[in-house]
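Please work through the exercises below with the structure in view. Each task is followed by a solution in steps.

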Amino acid sequence: MSRISRSYKVHKFTLDDGELRRDTRGDTVTVEEPLEIRAGGRTITTTMRTPGHDVELLHGYLHGEGIVAGPEDVAEARYCAGATGDDGANTYNLLEADLRVPVPATAIRLSTTTSACGVCGSTSVEAILGKVPYPITPVTLDPRVVMTLPGKLRAEQKQFRRTGGLHAAGAFTLDGEPIVIREDIGRHNAADKVIGRLLLDGRLPAAELILVMSSRASFELAQKAVMAGFSALVAVSAPSSLAIDLARETGLSLAGFTSANRFNLYAGEPARARSQL
C-alpha cells in the first residue's frame, strides 16, 4: 500500500441539466499521518504531514527554528524501531535526531501541529529579526518569469494530480528554473522539505533563489524563507499583513495572487515591464 495516497470507495453526485446522478467509484486520497521529531530522547514537536522526505523535513524544521545552522549539526537522523502499528510493523512516524548542538527549551513544542498551520514560536517581526542567520540578498524580479512559476510548480505536482489534496513548495532560480520541488498536505511541511534538501546539499543561504508556494503566504512561510536566506517568496494566494511586514523589514521580495497573467508585488522591486520602457 502506498504511504502517500490511499484509495476509498466514494459516492459521486453530479447535477446535469437538472438531473441528479450518483456514481460509485474509487477515489485516491492524500495520506495524513503524524511525525514526531525527537532529539536526545525529548520530543521537540509532532506535526501532521504526508509521509516522504521526512529527513529533509526534519532538517528544514530544525533550521527554520534556529536550532541547527548546517547539516553538520545533525549527527544522525533515524526512524525509531519501536514505533509500531497494530500489526507490529514500523509506522515510520517517529524520527530521532542526534544533534551536536543543544535544543533551547523555547524550541520544544509539546502540542501537535496540524497540517493546516505551521510551527512558529516567534510572534513578532522583531523576534525574527533577532535570529536571522543570513542577510537577505535583494533581487529585481522579472515579472514575466514570476508569472510562469505557479505553472511550473503545478507541472511537478504529481501526487496533487492524483489526489487534489497536497500543497507544493519549490526552489527556483531567478530565471525560473526549478531546483527542488516537494509536496505535502501541510504547506509548512512542503517548505521545510525544500529547505531541508537545500541544507543537506550545502545550498543555504538560498541567495538569489525564489521559494514558490502553492498556498497563501503566511507569516510562518515568510519566516522560513527569511531564515533560509531566500531572496524572494512567490505565492499563488494572498499574503498576510505580518508576512508583508517581515518581507519589507528584511529585503525579501514577496509576490501574491500569482497566476499566468498577473501577480501583486507586496515587497521588493520588479524589473520594469516592457510597456513602461
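The model is predicted, so local features need pLDDT of at least 70 and side-chain atom pairs count only at pLDDT 80 or more, while totals for chains, interfaces and linings use all residues. Residues are numbered from 1 along each chain as its sequence is written, and side-chain values use heavy atoms, with hydrogens and water left out.

**Exercise 1.** Describe how helix 1 and helix 5 pack.

Solution. Step 1: helices (H or I, at least four residues) and strands (E, at least two) are DSSP runs numbered from the N terminus.
Step 1: helix 1 (residues 54–64) meets helix 5 (residues 187–200) at an angle of about 90°, and their axes are 6 Å apart. Axes are lines fitted to C-alpha atoms, for helices over the stretch in contact, and angles run from 0 to 180 degrees between N-to-C directions.
Step 2: the two helices are therefore roughly perpendicular, a term for angles of 65 to 115 degrees.
Step 3: Y61 of helix 1 and L199 of helix 5 are among the residues that make the contact (heavy atoms within 4.5 Å).

**Exercise 2.** Give the strand order of the open sheet and identify its edges.

Solution. Step 1: the 6 strands follow the order 10-9-11-12-13-14, with mixed pairing; two strands pair if DSSP finds at least two bridges between them.
Step 1: strand 10 (178–184) and strand 14 (264–267) are the edges, each pairing on one side only.
Step 2: strand 13 (residues 253–256) runs antiparallel to strand 14, joined by 3 bridges. In strand 14, L265 is the bridge partner of A255.

**Exercise 3.** Is S218 buried or exposed?

Solution. Step 1: S218 sits in the loop between strand 11 (209–213) and helix 6 (219–228).
Step 1: S218 counts as buried because its relative accessibility is 5%.
Step 2: leaving aside neighbours within four places in sequence, S218 contacts R187, S240 and A243.

How values were computed. Buried means under 20% relative accessible area, exposed over 50%, partly exposed in between (1.4 Å probe, protein chains only). Angles under 35 degrees count as roughly parallel, over 145 as roughly antiparallel, 65 to 115 as roughly perpendicular and the rest as oblique.
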